[in-house]
Amino acid sequence: MRRYSAFAIAREGVRYHQGWERAWKSPTPKKKYDVVIVGAGGHGLATAFYLGKNFGITNVAIIEKGWLGGGNTGRNTTIIRSNYLQDPSAAIYEKARSLYETMSQDLNYNVMFSPRGVMMLAQTHHEVRGYQRTAHANALQGVKTEFISPQKVKELVPIMNINGPRYPVLGALWQERAGTARHDAVAWGYARACSDMGMDIIQKCEVTGVDQADGKVTGVQTTLGDIACDKMAIVVAGNSGHLAEMSGFRLPMESVALQALVSEPIKPCMDVVVMANTVHGYMSQSDKGEMVIGGGTDAFNNYTQRGSFHHIEETVRALVETFPMVSRLKMLRQWGGIVDVTGDRSPIISKTPLGNTFINAGWGTGGFKSIPGSGWAMAELVAKGEPGPLAAEFGMNRFTEGRFIDESVAAGVAH
Amino acid sequence: MLVLECPYCGVMADESDLHGGGEAHLKRFGPGSSDDDFETYLFMRKNPKGVHFERWRHVSGCGKWFHAARNTMTLEVYGTYSAQTYEPPQDIIDAVKAKHPEWEGYK
């Protein structure tokens, strides 16, 4: 792999850009791999990358039914933060956030990580208490957050109306080192690094069945033929239930649509990410100037990658109240992704009832921010067969044992 | 927008007048049941890619709970029916079969 650098741009500049090579190869599948990872989204590719980097396992295939990074990795609002209440969540999301800080250097691929700060507005007294509690918990976890006053909020985001009639801003949970990154670049950077390590990324190849013998996985049937494997990792977000069914087990999970939309590009007006969970809306400004807007999930099971119009209306209505200046913005695009939501709104990184098969799923609405941490933990689980410290609490048996990682109820977070 | 006919008051209700209640016909387990049964009742869901039976409540209308048969892939609605039943009635099953002869049936 030729390294990307300022020198490379200069070199190619004088020879008509003829020397750029493809970022990753498109091989035909081999007959057998040590590890088959189903799903070439951010989490699948990160799992592959850390399998190679941390454990030296490179005889790996990453199988993707669509195109690389075309699912939720390319459909989120690119927010990265780690201000979670519960210790296991804070640990894995903080690991992810810290890996994002050096990702561009680690991958030699500019993922445009922008630690611009994420602000979660407290608009009810209940939320004020909740976020103060989170800030204290974060202090104990070693995650730097603080609870800031409405005046500080106004200072950071002058376009915000903090005296709204219905939901005045009473303060905010502020994480200065949180931010955004270019979502596609994260997938592309990992793909390029994996391909360079000799891993096979096989796109447009759907898994249609799982071969098993003696309670263990032996391979997968795909639209490009059978592929044998020693270990399988299922990292397919919204389609996890489908893959689990093929593997012969069930998951405590449901798939729902989550939507986002972007406005026309405007001049820079807001250089932080603002989330308003009481009214279900969040917004940031992309480098192109578009306001990137997200809201809540739909209330019913759905696999169609589009969502309900009234949810967009609700989100935009809430944002217009908090940011009066957005009321005349035209919206350019709207899209949906299918997120897999568990009973306690926390992910599953776990062994499964089928031997040598591992699952990483249930990230719900918080998948993008966790990509490197999730890949790091999943790689350890796949390589060693047992979860490491980051993944230990996220086993799927926690539902039988009543050992929840209760983020949805305790923190009231929109992920 | 999703529109369901409330089987009680007959109103064609918009999604914003309704509240989704998740998977229908769950078998309930209480004190004394096994851990597995209790986990299945509380957390395990079918989450099918295709025909799905759900509970809905006509929140901004008559306020009653009812059932709906819906497709999670195409968003088509096969029909709604009373909540006073343990499994989908025959006419709903027939309506699904009429559109999807290959459907394996309610289980």
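**Helix packing and contacts in a predicted two-chain model**

Hi everyone, let's start with one pair of helices: α2(A) and α10(A) cross in a right-handed way. Please keep in mind that this is a predicted model.

How do we describe a pair like that? Two packed helices are described by the angle between their axes and the distance between the axes. Here, helix α2, residues 42-55 of chain A, packs against α10(A) at about 55°, and their axes are 7 Å apart. The two helices are therefore oblique to each other.

Which residues of α2(A) meet α10(A)? Among them are G42(A), H43(A), A46(A), F49(A), Y50(A) and F55(A). On the α10(A) side you can look for residues including I371(A), P372(A), W376(A), M378(A), A379(A) and V382(A). Sorted by class, this contact has 12 nonpolar residues, 6 polar ones and no charged residues.

Now stay with α10(A), but turn to another partner. Helix α3 of chain A covers residues 87-101, and α10 of chain A covers residues 371-384. Their axes come within 6 Å and cross at roughly 110°. So α3(A) and α10(A) are roughly perpendicular to each other, since angles of 65 to 115 degrees are counted that way. The handedness of the α3(A) and α10(A) crossing is right-handed.

Who is touching whom in this second pair? From α3(A) we have I92(A), Y93(A), K95(A), A96(A), L99(A) and Y100(A). They meet I371(A), P372(A), G373(A), S374(A), W376(A) and A377(A) in α10(A). The classes in the α3(A) contact with α10(A) are 9 nonpolar, 2 polar and 1 charged.

Let's step back to chain A as a whole. Its domain assignment gives two domains, and each is made of separate stretches of sequence: domain 1 is 25-78 + 183-252 + 344-411, while domain 2 is 115-178 + 254-342. The C-alpha centres of these two domains of chain A lie 29 Å apart. How many residues do the domains bring to their contact? In chain A, 19 residues of domain 1 are in contact with 18 residues of domain 2. The domain 1 side of that contact has 5 nonpolar, 11 polar and 3 charged residues.

Next, our other chain. Chain B has 2 helices and 6 strands. If you walk along its sequence, the pattern reads β-β-β-α-β-β-β-α. Its C-alpha atoms fill a box of roughly 40 × 35 × 25 Å along the principal axes.

And where do the chains touch? Chain B gives 18 residues to the contact and chain A gives 19. In chain B, the elements giving two or more residues to that side are β3 (19-23), α1 (35-42) and β4 (51-57). The residues on the chain B side split into 6 nonpolar, 6 polar and 6 charged.

Last, a word on confidence. The model scores ipTM 0.90 and pTM 0.93. Chain A has a mean pLDDT of 93, with 98% of its residues at 70 or more. For chain B the mean pLDDT is 93, and 100% of the residues reach 70 or more.

Which part of chain A calls for care? Residues 409-413 of chain A stay under 50 in pLDDT, and the model has 11 contacts for them beyond four places in sequence. Where pLDDT is low, the predicted coordinates should not be read in detail.

Technical notes. Residues numbered from 1 in each chain as written. Chains lettered and ligands numbered in written order. Predicted model: local features only at pLDDT ≥ 70, side-chain atom pairs only at ≥ 80, totals over all residues. Domains from an automatic or database assignment. Contact = placed C-beta atoms within 7 Å. Nonpolar A, V, L, I, M, F, W, Y, C, P; charged D, E, K, R; others polar. pLDDT = per-residue confidence, 0-100. Axes fitted to C-alpha atoms, helices over the stretch in contact; angles between N-to-C directions. Helix = DSSP H or I, 4+ residues; strand = E, 2+ residues; numbered from the N terminus. Parallel < 35°, antiparallel > 145°, perpendicular 65-115°, else oblique. Left-handed = near helix turned anticlockwise from the far one by under 90°.
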